[in-house]
Amino acid sequence: MQMSECIFCRIVKKEIPADIVFENDHILAFSDIHPQSPVHILVIPKKHVARLMDLSEEDMPVIHEVHKAVQVLARQRDVHQSGFRVVVNNGANAGQAVDHIHYHLLAGRQFSWPPG
Ligand code: AMP
Ligand code: ZN
């Protein structure tokens, strides 16, 4: 896929609207359009990386920032103590639908395990 066609790259470029809840030079977080829980936020690197398996050594600092953003957002939504789930779907068997790596931050209800 061309980066110009990638829906999350287009959100990064503000070409299509999103409910942006956190942004810095390297990462963006926005509400999932089909929330699966009361809190459902996607945290993405602004750089187009299709899948977790495509992350290179030079991309790792941004993953550090993703984790910091998850902490900030969990505190902001007051779910840092009640609990939350962070999910990265990678590839077909995981059901990855958008080929731009994204971290789902899910919270606000009880989740079951194992996942479906
Ligand atoms: P995944 O199945 O892990 O690839 O998740 C893709 C997620 O992106 C789904 O939860 C979708 O609801 C979400 N999504 C797709 N398009 C948009 C959009 N334009 N704005 C916000 N979330 C989106
Ligand atoms: Zn992209």
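Q: How are residues, chains and ligands labelled, and which pLDDT do side-chain atom pairs need?
A: Residues are numbered from 1 along each chain as its sequence is written, while chains are lettered from A and ligands numbered from 1 in the order in which they are written. Side-chain values use heavy atoms, without hydrogens and water, and in this predicted model totals for chains, interfaces and linings use all residues, whereas local features need pLDDT of at least 70 and side-chain atom pairs 80 or more.

Q: Which element gives the most to the lining of the largest pocket?
A: Helices (DSSP H or I, at least four residues) and strands (E, at least two) are numbered from the N terminus. Helix H1 (7-12) and strands S2 (27-31), S3 (39-45), S4 (84-87) and S5 (103-107) each supply at least two lining residues. The most, three residues, comes from H1.

Q: Which side chains place a polar atom beside an oxygen atom of ligand 1, and at what distances?
A: Among the 16 residues around ligand 1 (a heavy atom within 4 Å), those that come nearest include Asp 32 and His 104, and both of these also lie nearest the centre of the largest pocket. Polar contacts are pairs of N or O atoms within 3.5 Å, and a backbone N or O atom of Gly 95 lies 3.1 Å from a ligand oxygen. From side chains, such distances are 2.5 Å for Asp 32 and 2.8 Å for His 104.

Q: How many nonpolar, polar and charged residues does the shell around ligand 1 have?
A: H1 gives the most to this shell, with three residues. By class, the shell has eight nonpolar, seven polar and one charged.

Q: Which residues does a cis peptide bond join?
A: Most peptide bonds are trans. In the segment after S5, where Pro 114 is found, a bond with omega of about 5 degrees is cis, and it joins Trp 113 and Pro 114.

Key: On a 1 Å grid over the protein atoms alone, a cavity is a set of points where a 1.4 Å probe fits but cannot get out, and a pocket is an open set with protein on both sides within 12 Å along at least five of seven lines; lining residues have an atom within 4 Å of a point. A polar contact is a pair of N or O atoms within 3.5 Å; within protein, one must be able to donate a hydrogen and the other to accept it, and residues adjacent in sequence count only if both atoms are side-chain atoms. Ala, Val, Leu, Ile, Met, Phe, Trp, Tyr, Cys and Pro count as nonpolar, Asp, Glu, Lys and Arg as charged, and the others, Gly among them, as polar.
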